[in-house]
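Hi,

Here is the structure I promised to pass on.

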Amino acid sequence: MAGILPLALVAGLGMVSIVSEQKELAKQRSLEATRLAATAVEVELSRSLNVLQALSKSPLLDADDLDGFADMVRRVLPSVPSWHAVLIIDQTGQVLRRVSLQSLSNSSSIAEPESFIELLRSRGPQIGNMARGPSGSWGIPLRVPVNTDADEEPRYVLTAVLQPQAIADVINNRRLPEGWVNTVLDANGVRIARSMRHQETVGGVAAPMLQQMLEENPSEEGAGRSESVEGKALYTSFVRLQPSGWVVATGIPSALVEAGAARAYTLYGGGLLLSLLFAVAAALFATRRINVPMEQLRDAAQDIGQGQLVQAPESEIEEIREVGRALASAAQARRTSEAERDTMLSRLALAQQDLTQQVSDLELIQELSNRLLQMPRLNEQLQAIIDTLCTLHGAEHGLLALSDGSKPLRIHASRGFSVDSLAIMDNVEPGLGACGIAVQDGTRVVVADTETDPRFREFVTVARTEGFRSVHSTPIRHSDESVLGTLTVQLKEARSPTQREIRLADLAAGIAAVFIDRARAQSKVGMLEQRLQVALDSSTVPFAIVTPRHDESGELNDFILEFINPTGAASLRGTVTDLVGRRLREVLGPNANPQALETLAEVMQFQQPRDLEMRSTAFNSERWVRLIATPFDSSVAVWFADVTQAKHQEQAILESDRRKDEFLATLAHELRNPLAPIRLAAGIFGSASASDAQKQRSQQIIERQVRHMALLLDDLFDISRITLGKLVLRKERLDLRTVVEAAIETARAKIETKQHELKVTLPAQPILLEADPLRLEQILTNLINNAAKFTPNGGCIRITATTDQGNAVVTVADNGLGIAKENLKLIFERFAQVPVSGTHVNTGLGIGLALAKGLAKLHDAELRVHSEGLGHGAAFSLCLPALPVSDLAESGSTYQSVTVNKRRILVADDNRDIAETMAEILRLEGHEVHLAFDGVEAFERYQQLEPEVVLLDIGMPGLRGDEVARMIRGQPVGTSVKLIAITGWGQPSDKENARAAGFDMHMTKPVDIQRLISVVGE
């Protein structure tokens, strides 16, 4: 018993040592696997950050061309499949652009602001914690600043959204023993990736025991016991990544580590129990059977520590064999882990090499972009692009040709080609060769061997001459996906391009597209600017651009003339050179209307256009100016024009409207005045109790008032004819004295009514004129009537006729009310009602003097007025060209006698009063008169009666009067009938229409009764 106890104790200690060493080995293997996984994750993050930093140096961001940069990123994204999207964020955290190959939300907010805030603080790249984006998917923000100096905040923050699957792919690339699990957590303990059940567990939190272990152990590495999310016990090791704070953990199931130890302990206990039972008998046997295998196990454990493979010792004891097999398995696992580590390191080296190559390529591209910005011409830029691309390919030949897909390709840049070869490859039609097919189809064309590919047979001689065997041609695309041309690289070897070469060709094609678009846009802008300059310089409308000027307190107090066209400079009394750069207050002077500057200030304050007309007092003159001011790029664009003439015209139109309204009101009054006595006289005339004397007096009143209305209408028609230029004078040689005397007789009743003194001075010799006697008398009658009207009762009117230097001058002067000097020009205007003083009521239509002025002008005469003012009377002078006295031919008055015959007459008018009244008048003269009251009845009565004279109203129902006239003229005896039109339409065109219809005469209502009787009886 005493002999077996030490042996049992030694065996137990050995078993404990073996189990402890096995656990320590499992811990080391777990930690090694964790370190490898952490290294792989860091490599993936570093690779993405390097690519993102290369993109942040793009000149497109320097130029704030976010749309162009977004287009470039879209071409880069296929080469970085682990990225979900790229965001361009401003300093306030607003997302300006979301660039992805998939459709994205339009949200302008960021999902994980902590890393954004840390970047603004540190101004260095940041790896954020995982968060859900606007679309609900998980993503990891990688952020780099754009254009950051030591003392300046970044202009933008460029963010790549890394997909959690990318991290899962990294840890899954390693082959872990069965049951092992890798987990990657962010700084908040949120699970980014897991080697088992990744999709189900992504975004969850770490297991509670793992969280506790991480909280209790803040060091960069550590190990301990934990449980998986499935509830399995694990031996777990972890590594913290700096500076992101991420955690990479590897768990080994406790059952795998402790299974062998548990079996060993069980066997050991059973063996010990058996050993106690057979202590004496088995002591020597056990000693010999245990010591040797134990030494072999110890040696095996030491070999494992040195990284060597071991062989399980042969023993009849199962526990020792189990321990031996466990040690052999641990040695093999360590050898496998080290092999995997070596493989991972090899892959890491390759990835690092590839990343270095990509960074080098991007640096060359970045250098190219910087050089392109310094080049003034497009062809230089395109040559630099093809040179750089050939350098990156290690190729000696390259071409850049442009075409829109319908025209031949024109070479704009080349490298390595002879002049003869360029002549062959220039002006290639779309669809011919690699370049032509690429521009026609809009896709990349790869010719792996120029000797065997039929698409290159037209240019195989060029390939042989220049010494290249393969070609790949990349289309250059506009932002709207249209093709601008092709970028082609020729390689010496017969091969297809590598993925790197394809990626570089796409980048170069994208850069070429940007600069081609830019050159075309600059050309277009230049043309537009030139056209705009020509338009503004040649414009007859003044135009200027002014910028605000502020005082020390920041208040806007003036404007500076930044631009002005020649018309505007002339309006401001200067030249373009003199005015540009000067202050507006200085240019306009101290007397300028302050409303102009106030309006410009309002435009700047409210950023709203203004359009107004204002009175200008600048340059010591008073004008009306229309000002149109529009906000324009921190300035104000100003159109201004002198509208003084238009304003005066507007005022004249308003004044004309006012006169028209006064005229219409006066016309209504003047027409009502004669209608009242006519109505009263008609009532007396129709009364049965009226005496013959009363009826005769009523008849005289009606005739007098009708003549008055006829004169009013005649004046209106005359002034209308003068306005339209349709009044025709019937000139004849006459003696002015005779016309003056006739005018005096016509106006004598009005002169005598107001008891005026009339003084007439006429020369003894005739004053001969070539004039229309009726119209000349009308002029003088108007002047005399006006003198009588505007002279108080008992006044004096003087009429003189003289000759002066071959002209005849008639003057009508009075001592009446007079005319204010400001109204002398107004006196001859149509419908003008000149204000008068005192209690005199100004009546009339205001057309008499306008008519007289118009008739005088038709006679090549001049009608003038003179007055010293109100209360001093007025004098009107008519000056006409006179004839020599010798030209007067003696002539006697010739009178034609009219023989009145009895006629059969048909009167047709839809107004029964007019028809019956004319019939009664004609019957009093002894004629046979018949009536009709519409056009149809008139023609029927004509056919029944065959009258000698027919009086027809024009506007009758059934048939118009002119239609009846044509029908009568169409009858066999219709040509001998006298047709007279009786109508209210008296314009010259109405008379012409009447003659065309077959009427012999046109008479305008109201008809002169004596003339009607005379015409009918002839």
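**What I found**

Four strands, β1 (83-89), β4 (131-132), β5 (138-146) and β6 (156-162), each supply at least two residues to the lining of the largest cavity. Before going on, a word on where this comes from: the model is predicted, so local features need pLDDT of at least 70 and side-chain atom pairs count only at pLDDT 80 or more, while totals for chains, interfaces and linings use all residues. Residues are numbered from 1 along each chain as its sequence is written, and side-chain values use heavy atoms, with hydrogens and water left out.

Now the terms. Work is done on a 1 Å grid over the protein atoms alone: a cavity is a set of points where a 1.4 Å probe fits but cannot get out, a pocket is an open set with protein on both sides within 12 Å along at least five of seven lines, and lining residues have an atom within 4 Å of a point. Points are joined across faces, edges and corners, and a volume is the space filled by probe spheres set on them. Helices (H or I, at least four residues) and strands (E, at least two) are DSSP runs, numbered from the N terminus.

Back to that largest cavity: its volume is about 290 Å³, and β5 gives the most to its lining, with 5 residues. There are 23 lining residues, and Leu87, Arg98, Gly133, Pro134 and Val161 lie nearest the centre. In all, the structure holds 5 cavities of 30 Å³ or more.

The second largest cavity comes to about 140 Å³. It is lined by 16 residues, with Thr183, Leu210, Glu227, Ser228 and Leu234 closest to its centre. Two or more lining residues come from each of β7 (181-185), β8 (191-194), β9 (221-227), β10 (233-240) and β11 (247-253). Of these, β11 has the largest share, 3 residues.

Then there is the second largest pocket, with about 820 Å³ of space. Its lining has 38 residues, and Met72, Arg75, Gly510, Ile511 and Val514 lie nearest the centre. Elements giving two or more residues to this lining include α1 (4-56), α3 (66-76), α10 (318-374) and β15 (470-477). Which element gives the most to the lining of this pocket? That is α15, with 10 residues.

Happy browsing!
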